[in-house]
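Work through the exercises below with the sequence and the model at hand. Each task is followed by a solution in steps.

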Amino acid sequence: MSKLTLEEFRKLPKDQKAERYKELSPHDMFLWRISEPTYPTVVSRKPLTKEEEEEQKEFNRQVEQLIREKWGKR
């Protein structure tokens with residue numbers, strides 16, 4: 001397995017990054033993890049019920065309200 005530099009890795013298409021990530025040095029892996037913005041996706045094993053959907057919406061609303069109260073409107 002060839003070593004891949006972080007600079008080379010950054011230039012790769014998104015679909016190749018997941019596969020070639022393991023070629024980075026441990027230090028470059030760390031730098032990538034702390035520097036690349038992530039957009040988490042919730043993955044569910046089963047569809048939510050209407051009640052669960054409503055609970056999730058309410059939870060999200062409360063979190064957004066707390067964020068606005070603590071750090072202001074964004």
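A residue is buried under 20% relative accessible area, exposed over 50%, and partly exposed in between. The model used here is predicted.

**Exercise 1.** Is Lys17 buried or exposed, and which residues does Lys17 touch?

Solution. Step 1: Lys17 lies in helix α2, residues 14–20. Step 2: its relative accessible area is 18%, so Lys17 is buried. Step 3: leaving out residues up to four places away in sequence, Lys17 touches Phe9, Arg10, Leu12 and Trp32.

**Exercise 2.** Describe the setting of Ser35.

Solution. Step 1: Ser35 lies in helix α3, residues 26–35. Step 2: with 38% relative accessibility, Ser35 counts as partly exposed. Step 3: a polar atom of the Ser35 side chain lies 2.7 Å from the backbone oxygen of Leu31.

**Exercise 3.** Summarise the protein chain as a whole.

Solution. Step 1: the protein chain has 4 helices and 0 strands, in the order α-α-α-α from the N terminus. Step 2: of its 74 residues, 14% are buried. Step 3: the protein chain exposes about 7,100 Å², of which carbon and sulfur atoms supply 56%. Step 4: among contacts with a separation of 6 or more, 12% join residues 24 or more positions apart.

Notes. Residues are numbered from 1 along each chain as its sequence is written. This is a predicted model: local features need pLDDT of at least 70, side-chain atom pairs count only at pLDDT 80 or more; totals for chains, interfaces and linings use all residues. Side-chain values use heavy atoms; hydrogens and water are left out. Helices (H or I, at least four residues) and strands (E, at least two) are DSSP runs, numbered from the N terminus. Buried means under 20% relative accessible area, exposed over 50%, partly exposed in between (1.4 Å probe, protein chains only). Contact means heavy atoms within 4.5 Å. A polar contact is a pair of N or O atoms within 3.5 Å; within protein, one must be able to donate a hydrogen and the other to accept it, and residues adjacent in sequence count only if both atoms are side-chain atoms. Accessible areas come from the Shrake-Rupley method with a 1.4 Å probe; for residues, only the protein chains shown count as cover.
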